[in-house]
Amino acid sequence: MDFIYSGKTDKLKKMSHLNVVGEVKYLCFPRDKSEISEAYNYAIQKGLKPFPLGGGSNTLIGDVETYLIISDLFLNKKWDEKNNYVTVTPNWNINSLLITAAKKGLYGLEFLAGIPAHLGGLAFMNAGAYGQEISDYFEYIEFFNGKDFLIMKDFNELEYRKSNIIGFITELCLRFNQINKDQIKNQILNNIQNFIVKRKQTQPLEYPNLGCFFKNPQVIQPNGEIKTISTGMLIEQANLKGYTIGGAMVSHKHGNFLINRGDAKFGDFVELIKIVQDTIQEKFNIDLELEVKILNG
Ligand SMILES: Cc1cc2nc3c(=O)[nH]c(=O)nc-3n(C[C@H](O)[C@H](O)[C@H](O)COP(=O)(O)OP(=O)(O)OC[C@H]3O[C@@H](n4cnc5c(N)ncnc54)[C@H](O)[C@@H]3O)c2cc1C
């Protein structure tokens, strides 16, 4: 396996859903578990920090020379099915996975339809939408922690957009619901389409983006109750929609989406993020935490 990235920035740029990538020095594409382990050994030898990369739909990449990016792109893909349990590799795009499952009468995860992510990334982020989270459908996750392949089975304590996994997710077993009638299979496929249409109506998918840039904050109300607030709404109320730095802009369609209008640089996004965070802190006394991962340095 070739570990040195030799100036093919365009390829990585294509993988970036924001169409923004700085100079990256170390990148590799393992094909199986032994090469993942090899990649971690290489990182240790070189004093690099390993960074697993899935679909890249939540990662803003700047100039990177102290990390070894370990992409899941060329992992040998696996789909193993037993009744309603499906074991897969992390490099399944969620939309292909949902359609493959639906055709077999397996359903449940349609709320994730339309997200351009890989399953490993979705699991690491404990992704969710419309009040549901992916972790509700995990039987187990296997991951490599740099030394051993471990199995995680308890998902009760997972936090919002956080999995606590430190390592590379190598395999996931999903627990679907199952139905065998053809008519219902079409209904599942229609459901997938409906979720995709709903996203197109509310999200600026016509521009490169990374989904929601910030987590929705939780605030304690005067009566002691904890309430989750929509960051998109806060950004709208702060009149930040349309705010632009270079090629980076706060979307008019959805306040929590920062988009690339065409020629944005990594630095434009860093500056825009700071302006949004400072403004929301000043206006509402709320600290916005990034949902997007920034890989830089
Ligand atoms: C249009 C759009 C809509 C979106 N909608 C939603 C939504 O509704 N809900 C939601 O939760 N998110 C949403 N997102 C954000 C994003 O898709 C999720 O965070 C997703 O989980 C990221 O998956 P990925 O494979 O692209 O991860 P990447 O961006 O590649 O990585 C994200 C994080 O996961 C880690 N990671 C990736 N693969 C592995 C692995 N195999 N092992 C260990 N760690 C790994 C990375 O190191 C990084 O820290 C959206 C994004 C876009 C662009």
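Tutor: Count the other C-beta atoms within 10 Å of a residue's own, with C-beta atoms placed from the backbone: 20 or more means buried, 12 or fewer exposed, and anything in between partly exposed. Leu73 has 15 C-beta neighbours inside 10 Å, so Leu73 is partly exposed. This model is predicted: local features need pLDDT of at least 70, side-chain atom pairs need 80 or more, and totals for chains, interfaces and linings use all residues. Residues are numbered from 1 along each chain as its sequence is written.

Leu73 sits in the loop joining strand E4 (67–71) to strand E5 (79–82). Helices (H or I, at least four residues) and strands (E, at least two) are DSSP runs, numbered from the N terminus. Beyond neighbours within four places in sequence, Leu73 is in contact (C-beta atoms, placed from the backbone, within 7 Å) with Phe29 and Asn91. Ile44 is 29 residues from Leu73 in sequence, and their C-alpha atoms are 22 Å apart.

Now look at Ile69. Leaving out residues up to four places away in sequence, Ile69 touches Val24, Tyr26, Leu27, Phe51, Leu53 and Val64. In soluble globular proteins, nonpolar side chains tend to be buried together.

How values were computed. Two residues are in contact if their C-beta atoms, placed from the backbone, lie within 7 Å.
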